[in-house]
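Reader: I am new to this structure and would like a friendly walk through it. Could we take a few questions one by one?

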Amino acid sequence: MSEERITIPLHEVAHGRAGDKGNRLNISLIPYRAEAWPLLAEQVTAERVHDLFRHRGATGVVRHDLPLLHAFNFVIDDVLEGGVNTALNLDGHGKTQSFRLLALTVRMPRRYVHPNSPYAKTEPEGATA
Amino acid sequence: MQAAEEIVAVDAGLFLVGNGAGFSGDRVDAPVPVVRTLRARGLPAALFFEVLGERTVALAQLERQRDPERGYEPMLERLLEPVLADCIEGGIRIIGNFGGANPEGAARCIARLANRQGLAGTRIAFVEGDDVRHLMAADDLEVYEADAGIDVADGALVAANAYLDATPLVEALRMGADVVVTGRTGDPSLVVAPVVHHFGWDQDDWTRLAAATTAGHLLECGAQLAGGVFFDPGYKDVPDPANIGFPIAEIGADGSLLVTKADDTGGAVDLRSVKEQLLYEVHDPAAYVTPDLVLDMTGIELDQEGPDRVRVRGMRGAPRPARLKVTASFEGGFLGEGEVSVAGPNALARARAAVDVLRRRIAMRGLQVRLRIDLIGVDSVHDSDDGALARAFAGNEPHDIRIRLAAAGADADTVDQAAREVLALLCCGPAGTGGARWRTTRRIVTRSYLVDRAAIEAKVHCAAARELAN
């Protein structure tokens, strides 16, 4: 029998950091609990991440898997509206974009959730099981 | 007894490298606890500073055009003044890319500082040769792949600098330099150089060089390894984030690597912070290209060996690339920015009305600019230039919104007139509009190329402070 899963933002199970080079952005994604890595691999696909950045003109996303570190590295092309020197965006480096990724929803067993998360113990209002 | 012997055996072959700055603009008081820690350990050590972002050299080049003596790291004296004497006394070599567009000018500045501190015998080296503007006329230059989409239009060339490898820095250390100043250099090379010099490793010993390169990559952004750009209250807390300790690498003669941070400081070095920084600004983790080697991170494993002490194992190196990256900067026109606030009842509707007015004004006056208007507090940094996310916003009514206009174009006056439309809202805008700011700045556009290593020639100069300062 499979374990019950809850729908939550990635931020409740994982962390990450964004960096730029030219017009290319990379975002790391790292689960708090290593056991969550295979489920993230299933659910946080390059295609879903591409969808998060289509409004910015992203032309492609490659996901590099790092199973030994239990991490992922997403490389997102042409998403910085020209890069730090050309963009009109206040955040031309795209450093805040890690938290756009961390807002993506995933379905996870509750035991993978960060212990301080409101989702860790009880079902908060508005969450769907 | 056995444990003590083990520690002695391990420590015998260690070299420490501390980081004193991760970018131009970093905390100027950060190097002090790093140097204090390096000295307390009593092991051979070096201190490095990484202060050159992609555009920094171009901005420095513009500054040098205004004043030929300047064009180097503006915080140079503030960074070195509190630690120089301690480093000289402790035999801690200092390596930094604070040369910007004028490594010789930076070396003279350090020489004056050393003389003032009674350290006139300090040997200061500077590296030249990263400036490759003369190579940029070639029409067969290959554009670095991530920059293919960047349009430099017909902007005049401001700067072109190659990322030099560790070789000239090692040469400077062999000449007996206490302080080595460089301009554009591969960031990890600032760590590779003192490590290679200390252990006498061959510069094609890819396995051990991979350890030094990994150390450089992890440390080059300073606090980012130790809790900076990391703390997220409740999820990733770190102690005393106002006093994050800058990082230190312990590198062994066998190519072992452990990362830690300055003693008695805030922040944290743990598996989470090390993983985030390991992948920072990385594309393919199997092939992270540096001037000294191509680093493969896919075999890396981490162990928390103690509080704020993380062992890094399994990095591999492949031979250095045949071509070096050159970042060229061009004049990129002007950026005008204007901001104004609304708050309280009906703030979102008033902010949206202000946006409509601004768009109509720019169109009515025929101001030819590339335009973007953000609603800060609704959706801004994640949004696109056309404001798709802010338009679709269906959340709770924000209490406080800042309207920000950005306009870019080739003509300074046109851009400035667009930005001033925000100022005009103080009397012509929606009810309760206030707190206007505007400014127009020159823009620099960068684009990177790949250039044959053989075309780039670095030169090293070394002299005592008493000679250089004159």
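Reader: In which strand of chain B does Ile401(B) lie?
Author: This is a predicted model, so every answer here is read from predicted coordinates. Residue 401 falls within the run 400–409 of chain B. That places Ile401(B) in strand E17.

Reader: Is Ile401(B) buried or exposed?
Author: A residue is called buried once 20 or more other C-beta atoms lie within 10 Å of its own. Ile401(B) has 24 C-beta neighbours inside 10 Å, so Ile401(B) counts as buried.

Reader: Which residues does Ile401(B) touch, not counting residues up to four places away in sequence?
Author: Among them are Val342(B), Ala347(B), Leu348(B) and Ala351(B).

Reader: How far apart in space are Ile401(B) and Pro188(B), C-alpha to C-alpha?
Author: Along the sequence, 213 residues separate Ile401(B) from Pro188(B). In space, their C-alpha to C-alpha distance is 42 Å.

Reader: How far apart do the C-alpha centres of domain 1 and domain 2 of chain B lie?
Author: Domain 1 of chain B is made of 2–129 + 164–321, while domain 2 covers 328–448. The distance between their C-alpha centres is 39 Å.

Reader: Why is helix H10 of chain B largely enclosed by the rest of the structure?
Author: Helix H10 of chain B spans residues 271–278. Its buried residues include Ser273(B), Val274(B) and Lys275(B), and Glu276(B), Gln277(B) and Leu278(B) are buried too. The helix is largely enclosed because the buried residues number 6 of the 8.

Reader: Turning to chain A, which residue of E4(A) is the bridge partner of Gly19(A)?
Author: E3(A) and E4(A) run antiparallel and pair over 4 bridges. Both faces of E3(A) are covered, with Ala18(A) and Asp20(A) buried on one side and Gly19(A) and Lys21(A) buried on the other. Across in E4(A), the bridge partner of Gly19(A) is Asn26(A).

Reader: Which residue in the hairpin of E3(A) and E4(A) takes a positive phi near 60°?
Author: This hairpin has 2 residues between the strands. The residue with the positive phi near 60° is Gly22(A).

Reader: Which element gives the largest share of the side of chain A that touches chain B?
Author: The contact takes 35 residues from chain A and 44 residues from chain B. On the side of chain A, the elements giving two or more residues are strands E3, E4, E5 and E6. The largest share, 4 residues, comes from E4(A).

How values were computed:
Residues are numbered from 1 along each chain as its sequence is written. Chains are lettered from A and ligands numbered from 1 in the order in which they are written. This is a predicted model: local features need pLDDT of at least 70, side-chain atom pairs count only at pLDDT 80 or more; totals for chains, interfaces and linings use all residues. Two residues are in contact if their C-beta atoms, placed from the backbone, lie within 7 Å. A residue is buried if 20 or more other C-beta atoms lie within 10 Å of its own, exposed if 12 or fewer, and partly exposed in between; C-beta atoms are placed from the backbone. Domain bounds come from an automatic or database domain assignment. Two strands pair if DSSP finds at least two bridges between them.
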